[in-house]
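This report describes strand pairing, aromatic contacts and nonpolar packing in one protein model. The sequence and the coordinates are shown first.

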Amino acid sequence: MEVIDKFKGEESLEDLKVTRIYPDGKKNEQIQSVALEHHMDVIINTIPTFEVVCSPDNLSNLVIGRLITQGIVDGADEIEQVYVCDYGNRAEVVLKDSNKADFSKTQLESVPTCCTGNKTLNSFFQTEEMPGVVSPIDWDYDWLFKITRFFKEDSPAHKKSFATHSCYISQKGQNFDSVKPIVCEDLGRHNAFDKAVGKAVCVGFDLKQCMVFTSGRLPVDMVTKAIRAKIPILASKAVPTDSAIDLAMQSKLTLICSAYPDSADVYLDF
């Protein structure tokens with residue numbers, strides 16, 4: 001896979017002056033960090049396929065991760081090239097399978113996700129197959145709570161703006177003293193997840209040996225992302241829905257929620 005990322009923008013926050021007011025009539029000037037919104041069109045094999053509203057960083061990783069977690073590809077080896085233009089508002093993907101699109105799927109969709117304005121423009125590349133079954137791996141409490149402590153100490157964009165979600169990916173056996181988990185933040189929890197998956201793939205992580213930790217709640221679509229990426233353990237500081245638990249059960253996905261440095265709720269363990 002060749003990645004050509006010409007976009008140099010990495011700042012996801014902007015400091016602005018605001019006036020803070022109080023019930024007693026007092027006011028003072030403050031500096032607040034505001035999250036930036038960035039729009040990018042994703043074109044697959046010359047066909048406009050996604051519109052993404054995201055934080056303006058890790059754009060090529062976002063595209064790679066989205067291809068995997070949407071089931072468009074099974075892995076990076078099916079991607080010939082990812083190109084992101086100088087302004088970061090256009091990403092072009094070339095898949096190795098030039099006949100990947102199924103044009104019999106004629107209905108156009110406009111499906112917002114993440115509360116950020118993401119849209120799926122068509123289903124030409126989408127798989128209609130249900131997510132499969134992941135291969136469970138052994139895990140221990142120490143691994144989980146190391147990630148929760150890392151999350152508590154390290155979410156820089158969120159700590160400054162309170163406007164982003166975070167996603168962390170750690171590989172089993174990873175020495176946290178020498179190799180930190182993959183960390184990505186974004187306006188949307190789906191985007192943060194996809195960025196982390198894309199980045200993990202690019203640095204050589206084996207997703208089948210990984211735990212992913214997200215700051216967001218876990219409905220079916222987030223659980224589906226983990227399963228399509230073949231990640232066996234999904235953890236969150238938030239909570240799941242009943243349908244998400246059902247899907248995780250069917251797919252043998254270990255599901256851990258309300259995960260903090262001092263406790264966590266294990267819903268499913270395989």
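Two strands are taken to pair if DSSP finds at least two bridges between them. The model discussed here is predicted.

**The six-stranded sheet**

With that criterion, an open sheet of 6 strands is found, with the order E1-E6-E7-E4-E5-E8 and mixed pairing. Its edge strands are E1 (2-5) and E8 (119-120), each of which pairs on one side only.

How many residues of E11 are buried? The count is 5 of the 5, so E11 is largely enclosed by the rest of the structure. In a regular strand the side chains alternate between the two faces of the sheet. In E11, Cys210, Val212 and Thr214 point one way, whereas Met211 and Phe213 point the other way, and all are buried.

Strand E11 is joined to E9 by 5 bridges in an antiparallel arrangement, and to strand E12 (residues 233-236) by 4 bridges in a parallel one. The bridge partner of Tyr168 in E11 is Phe213, while Val212 has Leu234 as its bridge partner in E12. Together with helix H5 (residues 220-228), strands E11 and E12 make a right-handed β-α-β unit.

**Aromatic pairs**

The structure holds 5 aromatic pairs. Two of them are set out below.

| Pair | Centre-to-centre distance | Angle between planes | Geometry |
|---|---|---|---|
| Phe150 and Tyr168 | 5.8 Å | 80 degrees | edge-to-face |
| Phe151 and Phe213 | 5.2 Å | 50 degrees | tilted |

Planes over 60 degrees apart count as edge-to-face, so the 80 degrees between the rings of Phe150 and Tyr168 place that pair in this class. Phe150 lies in helix H2 (residues 141-153) and Tyr168 in strand E9 (residues 165-171), so their pair ties together parts that are 18 residues apart in sequence. Both Phe150 and Tyr168 are buried.

The pair of Phe151 and Phe213 also involves helix H2, which holds Phe151. Because Phe213 belongs to strand E11 (residues 210-214), this pair ties together parts that are 62 residues apart in sequence. Phe151 and Phe213 are both buried. Phe150, Phe151, Tyr168 and Phe213 form one aromatic cluster.

**Nonpolar cores**

In soluble globular proteins, nonpolar side chains tend to be buried together. Which residues touch the most other members of the largest nonpolar core? In this core of 54 residues, they are Val42, Ile44, Val93, Ile169, Val223 and Leu234. Helix H1 gives the most to the core, with 6 residues.

Leaving aside residues up to four places away in sequence, Val223 touches Leu234, Ala244, Leu247, Ala248, Leu253 and Leu255.

Another core, of 16 residues, lies apart from the largest one. Among its members are Ile137, Leu144, Phe176 and Ile233.

Terms used: Residues are numbered from 1 along each chain as its sequence is written. This is a predicted model: local features need pLDDT of at least 70, side-chain atom pairs count only at pLDDT 80 or more; totals for chains, interfaces and linings use all residues. Side-chain values use heavy atoms; hydrogens and water are left out. Rings of Phe, Tyr and Trp (its six-membered ring) pair if their centres lie within 6.5 Å; planes under 30 degrees apart count as stacked, over 60 as edge-to-face and the rest as tilted. Helices (H or I, at least four residues) and strands (E, at least two) are DSSP runs, numbered from the N terminus. Buried means under 20% relative accessible area, exposed over 50%, partly exposed in between (1.4 Å probe, protein chains only). A crossover is right-handed if, with the strands pointing away from the viewer, the path from the first strand over the helix to the second runs clockwise. A nonpolar core is a set of buried Ala, Val, Leu, Ile, Met, Phe, Trp, Tyr and Cys residues joined through side-chain atoms within 4.5 Å. Contact means heavy atoms within 4.5 Å.
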